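Subject: Structure handover

Hello,

Here is the structure for your files. My notes on it follow below.

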Amino acid sequence: VSVNIQVQDVNDNRPVFEADPYKAFVMENMPSGTTVIQVTANDQDTGSDGQVTYSLEAESGNLRG
């Protein structure tokens, strides 16, 4: 599965990720709920403008639950 990350930021400073790119490998027998990867980004904007949130969106046929 390939996961693309889109950064949407309307403020002065864009978020900076600690790694570029992030890579993770998932074995098919891993228990449900296992943490696979931790993604971290920092934004120099202040207050709520500097808050970074993450979400996953499925591309057609790429993620199965």
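Serine 55 counts as exposed, with a relative accessibility of 62% (buried is under 20% relative accessible area, exposed over 50%, and partly exposed in between, with a 1.4 Å probe and protein chains only). Serine 55 sits in the segment after β2.

**Basis**

This is a predicted model, in which local features need pLDDT of at least 70 and side-chain atom pairs count only at pLDDT 80 or more, while totals for chains, interfaces and linings use all residues. Residues are numbered from 1 along each chain as its sequence is written, and side-chain values use heavy atoms, with hydrogens and water left out.

**Whole chain**

The protein chain has 2 strands and 0 helices (DSSP runs numbered from the N terminus: strands are E, at least two residues; helices are H or I, at least four). Of its 65 residues, 8% count as buried. The accessible surface is about 6,200 Å², and carbon and sulfur atoms account for 45% of that (Shrake-Rupley method, 1.4 Å probe; for residues, only the protein chains shown count as cover). Among contacts between residues at least 6 apart in sequence, 52% join residues at least 24 apart (a contact means heavy atoms within 4.5 Å).

**Aromatic pair and cis bond**

How many aromatic pairs does a search of the whole structure find? The search finds 1. Phenylalanine 17 and tyrosine 22 form it edge-to-face, at 6.3 Å centre to centre and with 80 degrees between the planes (rings of Phe, Tyr and Trp, the last by its six-membered ring, pair if their centres lie within 6.5 Å; planes under 30 degrees apart are stacked, over 60 edge-to-face, the rest tilted). Phenylalanine 17 is partly exposed at 23% relative accessible area, and tyrosine 22 is partly exposed at 23% as well.

The peptide bond from aspartate 20 to proline 21 is cis, with omega near 0 degrees. Proline 21 belongs to the loop between β1 and β2 (41-42).

**Surface patch**

Val3, Ile5 and Leu56 make up a nonpolar surface patch with about 320 Å² of accessible area together (patch residues have over 30% relative accessible area and no salt bridge; like charges are joined within 9 Å, nonpolar side chains, i.e. Val, Leu, Ile, Met, Phe, Trp and Tyr, within 5 Å; a salt bridge is a side-chain nitrogen of Lys or Arg within 4 Å of a carboxyl oxygen of Asp or Glu). Valine 3 lies in the segment before β1 (16-17).

Regards
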